[in-house]
Structures are given as C-alpha cells and as structure tokens.
Amino acid sequence: MKRRIGLSVWLALTAPWALAAPMTLSLSHSDGDTISGDVKFTARVQSEALVTSVEFYIGEDLRDTDQSTPYEFNIDSLTEDDGPFSVTFAAYNSEGGSVKKTLRLKIDNGLSKGVGYHVGIANEALQESQWAKAILHGRTALRIDGNDNSARLVLARANLGAGVLDLAQKFAEDIVASDPANVPARQLLSGINLRRAFLALERGTSDNASLLGTLSEAFRSAATNQNAANAARIDAMGEPTEENLPAYADALLDIRRFNDAARRLAPVFAKDPSKIGHGNRLIYAYLRSARLKDAAEAIDLARRSNTMDAETYALAACFHAYMGENEKASAAMKEALLLDPSRNAVVTAQIFTSLRAGNLNGMGQVLQQYRQSNGDPTLVGYYQSVLLQQARRPDEARIAFENAILTDAASYELLTERAIQAYTYSFNESLSSEQVDRQRGMAKALLEAAIEARPDSFEALTALAMLAMQDGNKDDTMKWARAAVGAAPEYAGAQYALAGALQMMQRPSEARKAMEAAGAIDRTLVGVPAPGSAVDLLRYLYSKGRTPWLAAPGR
C-alpha cells in the first residue's frame, strides 16, 4: 500500500506535464544601486513555457504590467522622496510558473543641495544646448520648491530649446501668473509664440484662413508680451535723475519710446549743447520718429556749438540721406569715418546710407563687418533680410527675418519689412492664386502685429494703405494713409500714400498738395505724380521708404 502511494507520488512529481516550467529573472539594476531622475528598468525572463506577464511593484503597490518583450518599466524618481526605495518584479508563464525578485535601492536626486545648485547646473547645460540635462536639474529644483521662478524659467527655456512648446509655454505662464513684471518670462512667451508661427509656416496648409489666423495671433501675442516686458524694464528704473538720464534714455530708445526719450533729453541739450551724448540720443529719437525738423534743429545746434562728434556726423549723414540730399550725406559720413570709424552708430549709418543710395555691395561689406563684431542681432538680421531680398533670394531673406524676430518680437521695423517682402513676392508669376492670397494675407498679419508692437508705426500704417489700395478699397486706403500722416506728418511715404488715396477719391488738387509735402521731405519725390496703383507705392517703400535705423548712440 505504501509502496503504491509512493510510486504514484513519484510519478506525479516527475511527469513533465505536471511540473511548472522553470523560470529565471534578470534585471538591468542591482540590489543597492543609487538612482535619480527618470529611470528605466528592464527585466529579462527565461522560461521553457510562454511568459504571460511581468509585474512591477513599488513597495507593495502594483504600478505596471507588461505582457510583451522587452519588459520595460519607467519611473520618475523625482516624484518619490530621496532615501531607501524598493521595487519588485514578478514574472508568470502559461504553465503556472512564476518568479519574483526585489531590489532595495536608494534615490538620490540631490534635493538637499538646494534650488540654487540645480538651477546653476541647468543654466550651464542651456549654454551647451543640453536640453535633457537642463530639464532634469530644473525639475529637481522645482521639486525642492514648487514655486521657484528661477526653476520654472530654466524649464521654459529648456523645453523651448527641445521643441516642447506646450510645456515651455506652461512654465513661462506660471512665472507671469506669479510675477507679471517678469521680463525674461514675457520675452520667452514672445519667442514661443513666434516658434508656433514659424512651425505653421513650415507645415503649410491648404486652409489659408486657418494658417493666417495662427500667424496673426502668434505675432500679435509675441509683440504684446515683448511690450509688457519692455514696460516692466522701464518701471523698474523709476524716475530718471540727472546722473542716470543717459541710461534711462537708452532704455527708452531700446523699446522704441522715441517721443518719451526726446521729451526727457530736449531741455537738457538745449540748456547745455556741450552734452553731446544727450544731443546724439535726442537726434536719434527724432530721426526714428520722423521728426525731421526737430532733428535738423538739434543737428544745427550741435554744429553751431562745435560739439559734433563721430556719432553726430553719422546721424547727420542718415538725416541727409533720408532727405535725398546725397552730397551732404556723403560729406557728413566722411567726417564721421575720420573721427571714429569703429563706433557702432557710424558703422550702421554706413549700412543705411549705402542701402539708400542703392549701393548693395558696399552695404553688404559693412554689414559683414558689423556682424563679425557682434553687432545688435536684431539690427543685423533686419539689414541682412533687406539685402537678401534686394538680391532676389526670398527664402534666405525669410530665414534671416525669422532668426532676427526671435531676438526682439516687438521690432515693428522687422515686421513691416517682412510684410513688404511678402507682398512683393505675391507678384511672382509662378504662384497660384491661392499662394498669392496667402502671401498678401501674411503681409496683413505681419502689419497688424507691427501695429500691436507700436500703434503709431507710420511705416506699418503706410503699408496697410498700400494693401487696401491693391484691393481697390478706397475708404480703407484713405483711413490708413491719414493715420500714417497723423502719426508722422514728416514721413514722406505717408504723404505719398495719402496722395494715392486722394487720387483714388478723384480729388486731384489735394493729391498734388500731398505730393508737394512728400517732395519737400524727400527730394527724390519732387515732380513725381501721385501713385496710380499699389505697385507705385510698393516701389517707393521697397527702395526709399525706410526711415533711418542705426545703432543707438553711446553703444
């Protein structure tokens, strides 16, 4: 009896179909390992029978199950506390076999080192475009202090660099929500919106309305955020004093508040013309806002006071070039170069006067020198885009614009220039009617963003009058032309556009008066009839309609 029972038990135990198939489990990590950041565990199972699943536990909690190779499990250790940490893996096969293994690990994300330590490493990583490393240390800093804006800023920048725009925007918006005056966060939001616009352009779409809506919103939002950042910068400086007036005026000039800068500088320079640094800033503000009579008076005051320096002569050269007084422009430029050819204002004045004279080779050579000397990237990008467009290289001109606008989303000069380029390209005979509509719609979106950046942007208002003229819309042509003249009565392009609008309205005597006003400002328009079409206006804006833009004095 006992022998039969023992035999049957022995048979049951040794019959292959009655045994659970043996299994082994190996892991990518070992007992005692230290882990940090995002961790991926890999399990390898050997089994004579089919493996049905592998389970992953943190402590006693089942976190994940994988039913196919490779058996991989991810955890974000930053969601756990630093210190001892255990994970368990359990594998099962189709014959009822199983195997289990537990690892006792240690999490060390360096939380005890503090926010500053991790933000510092993250910023170093950003300098090297090491986005993943910057994100890891930014997340660690935010794990230490969930409200730290320096950590959020690092994460916004790193995610922007990595192309994860939604996360970049979230972190930047979190900063602005807690600190509305935060300049870097506002500037980042500008960059993020612009990247969205450029991505929309790259992807393209057959739906013009959708694409142009995306572009318009992106550019306008970027300009709004940049202006908010600019306003915060000025507010932080407080009221100017006699000592910090140059720095205060520089800040106003940087954010294109030219009339505010002029208001602060004019009485000081009038009282003491020996303060030529103040005078140069004043002349610059007048030129940029097309206050040409005021600019002429300030230049004359400096000349009579014998205080003109290289920058004053450079500004005078740009003034005369814009007025169409080429001999006077050349003479002033020669004086500037004799006094100090290395000054940024002098170098960039050469670029403008060469462009105005149609000397593209000379312009290109000086622009190359300015770029190599680490000149203002926005100004470099603007003139590079202009030069490439003039050389009939529209794709390269667009890329130059895109790179430049990322450095200053509120540059109405860049936005207006690119709008005119898009409108110019719309006359390419190889384009379909849909592509023509897209280019002209893009021009309008860019001009609307320019107005958002600077509501009194007379160049943008003039270009909007040109688009309305192209559409045959008399009322809008008149509206935009009058707005341009109202913003800058001494801008020749605005008077020229107004003459065209009046001609459309069949008011020839008033159109002649507007042309006389235009010719009094820009000698090249003397004797020229009112524009009979948008193309006439385009030719002027494309060749002569740019107001002087050079590096601000004192830089």
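Partly exposed, in this talk, means a relative accessible area between the buried limit of 20% and the exposed limit of 50%. Keep that in mind. And note that this is a predicted model.

Salt bridges to start. A search of the whole structure finds 29. I'll take a few.

Arginine 257 pairs with aspartate 260, and their closest N and O atoms are 3.0 Å apart. How exposed is arginine 257? Its relative accessible area is 32%, so it is partly exposed. Aspartate 260 has 24% and is therefore partly exposed as well.

Next, arginine 393 and glutamate 396. This salt bridge has its closest N and O atoms 2.8 Å apart. Arginine 393 counts as partly exposed at 40% relative accessibility. Glutamate 396 counts as partly exposed at 37%.

Now arginine 546 and glutamate 417. Their side chains meet in a salt bridge at 2.9 Å, N to O. This pair links distant parts of the chain, 129 residues apart. Glutamate 417 sits in helix 18, and arginine 546 lies in the segment after helix 24. Buried or exposed? Arginine 546 is buried, at 8%. Glutamate 417 is buried too, at 4%.

There is also a network. Asp250, Asp254, Arg281 and Arg555 are joined by salt bridges that share partners.

On to helix packing. Helix 12 covers residues 310–322, and helix 14 covers 344–356. Their axes come within 9 Å and cross at roughly 15 degrees. That is under 35 degrees, so the two helices are roughly parallel. The crossing is left-handed.

Who touches whom? On helix 12, the contacts include Ala314, Cys318 and Tyr322; on helix 14, they include Val346, Phe352 and Arg356. The contact residues divide into ten nonpolar, one polar and two charged.

Terms used
Residues numbered from 1 in each chain as written. Predicted model: local features only at pLDDT ≥ 70, side-chain atom pairs only at ≥ 80, totals over all residues. Heavy atoms only, no water. Axes fitted to C-alpha atoms, helices over the stretch in contact; angles between N-to-C directions. Helix = DSSP H or I, 4+ residues; strand = E, 2+ residues; numbered from the N terminus. Parallel < 35°, antiparallel > 145°, perpendicular 65-115°, else oblique. Left-handed = near helix turned anticlockwise from the far one by under 90°. Contact = heavy atoms within 4.5 Å. Nonpolar A, V, L, I, M, F, W, Y, C, P; charged D, E, K, R; others polar. Salt bridge = Lys/Arg side-chain N within 4 Å of Asp/Glu carboxyl O. Buried < 20%, exposed > 50% of the residue type's maximum accessible area, 1.4 Å probe, protein only.
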